[in-house]
Amino acid sequence: MAHDILIVDDEPDIRALIEGILSDEGYQTRQAANSDQAIAAFKARRPSLVILDIWLQNSRLDGLGILAALHGEEPRVPCVMISGHGTIETAVQAIQNGAYDFIEKPFKSDRLLLVIARALEASRLQRENSELRLRAGGEADLVGISVPMTQLRQAIDRVAPTGSRVLISGPAGSGKEVTARMLHARSRRADGPFVALNCATLAPSRFEEELFGVEAGSDPAGQPRRAGVLERAHGGTLLLDEVADMPLETQGKIVRALQEQGFVRIGGAQRVTVDVRVIATTNRDLQAEIAGGRFREDLYYRLAVVPLKIPPLRERREDIPALARHFMKRSGDTSGMASRELSEDALAAMQAYEWPGNVRELRNLIDWLLIMAPGDAREPIRPDMLPPHVGASAPAVLKLDRSSEIMTLPLREARELFERQYLEAQLLRFGGNISRTAAFVGMERSALHRKLKFLGVHAEDRAPAAAAGG
């Protein structure tokens, strides 16, 4: 998406010259001739960068005064100062007051473009660093080789560049926010901000001020203007996390804001226009919420331009080994502890568990194992080291205290008991998929079918369900 640059200069010829240079490079521009116009334009829509003349005729404030006013509104917007009467002292004062750089008139277009490019890049890096500090430890990609994950990644690659609104549904902890971040990172807005609003944790009384912001009071120093998430996400992506928790009254107002791409801050009168891509997530059935009168149908159809569905972890058990090893490495890197190997039997036990907390629960379990599992760090983690609630779901063949049963049986019965438990465990690992189970255990598919029938093991040959809808 093109950067929006506000040009503030009292000379129309200079404004036109700068606009021509920037337009040729693909930038979007707006103009202001004095401080009142500049501040009004800034409040109407936050620009990516401001080019600001220091000496302005017929203006209530000079450039340094405008700089202070703009940074009082939003200190992270870079400002490049220009002047035909500049001195070293003026340049130093401008930079000390928060300007990114200072350029003397007449300036060369190459010099101006270089400074602008550097200022925009510095602003992007500052924003990314702030976000990384807030989201330390967050996932940046979906891990897994299952059919649902492969299809979901393909859907993300198709949808991300389009700019369409996306509704991501799936159970808690399944990776909805990771999916939203991937959509942003692969979009044309990747250089813009990614702002998240968690609707599930926000008090109902605070929704509108968080969305739309609050206008400054009569005493701006005591009650400064505060930008809402729609304004902060201008030029980027806004994530409405667990959107079903948004109050009905607010739902109506967000519908209007999405339709008009604009809003009025709480306590204000001036309309703010924004360009924001909205991605929403939910762990509820929104059609049922609509039928129950708890969610607006018009908002649903505005958000669900492209619906994506993320399956629970229990429906993609073949991804658990890759996820567990990924989290083990990440946990070790983060904590400074040596990561541990996960035995195949431990992974099989994990694949047998239902994971009500989905991927988030698996990640927490791996963090716990790295700290609490007994034994030396060089010793692989075995099934008996898993927490009781996870180990209890392990197939009988993995429970060492059951192995004594085999010793009381004749060879043929013991072999059949082992084969039955072994194949039940492998079927569980691969979600009942006969072809994948056969490939893993080294049997022909038809031979495995006969063996299961002989052993009395019921197996429903099925492939995993698709992950993306729409």
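Modeller: Let's start with H13 and H14, which are roughly perpendicular to each other. This is a predicted model, so read everything below as computed from it. The axes of H13 (residues 320–335) and H14 (residues 344–352) come within 9 Å, and they cross at roughly 115 degrees. That value still counts as roughly perpendicular because the class runs from 65 to 115 degrees. As for handedness, H13 and H14 make a right-handed crossing. If you want to click on the residues involved, H13 brings Ile320, Pro321, Ala324 and Arg325 to the contact, while H14 brings Glu344, Leu347, Met350 and Gln351.

For another helix pair, go to H2 (residues 35–44) and H3 (residues 63–73), whose axes come within 10 Å and cross at roughly 15 degrees. Angles under 35 degrees count as roughly parallel, so H2 is roughly parallel to H3. The crossing of H2 and H3 is right-handed. On the H2 side you'll find Ser35, Ala38, Ile39, Phe42 and Lys43, and they meet Ile66, Ala69, Leu70 and Glu73 of H3.

In the model, Asp53 lies in strand S3, which covers residues 49–53. Is Asp53 buried or exposed? Its relative accessibility is 2%, so Asp53 counts as buried, the cut-off for that being under 20%. Leaving aside residues up to four places away in sequence, Asp53 touches Val8, Asp9, Asp10, Gly63, Ile82, Ser83 and Lys105.

Last stop, Ser187. You'll find Ser187 in the loop between helix H7 (176–185) and strand S7 (194–198). Despite being in a loop, Ser187 counts as buried, because its relative accessibility is 10%. The side chain of Ser187 reaches back to the backbone oxygen of His184, at 2.7 Å. Again setting aside residues up to four places away in sequence, Ser187 touches Ala160, Pro161 and Arg277.

Conventions: Residues are numbered from 1 along each chain as its sequence is written. This is a predicted model: local features need pLDDT of at least 70, side-chain atom pairs count only at pLDDT 80 or more; totals for chains, interfaces and linings use all residues. Side-chain values use heavy atoms; hydrogens and water are left out. Helices (H or I, at least four residues) and strands (E, at least two) are DSSP runs, numbered from the N terminus. Buried means under 20% relative accessible area, exposed over 50%, partly exposed in between (1.4 Å probe, protein chains only). Contact means heavy atoms within 4.5 Å. A polar contact is a pair of N or O atoms within 3.5 Å; within protein, one must be able to donate a hydrogen and the other to accept it, and residues adjacent in sequence count only if both atoms are side-chain atoms. Axes are lines fitted to C-alpha atoms, for helices over the stretch in contact, and angles run from 0 to 180 degrees between N-to-C directions. Angles under 35 degrees count as roughly parallel, over 145 as roughly antiparallel, 65 to 115 as roughly perpendicular and the rest as oblique. A crossing is left-handed if the near helix is turned anticlockwise from the far one by less than a right angle, and right-handed if clockwise.
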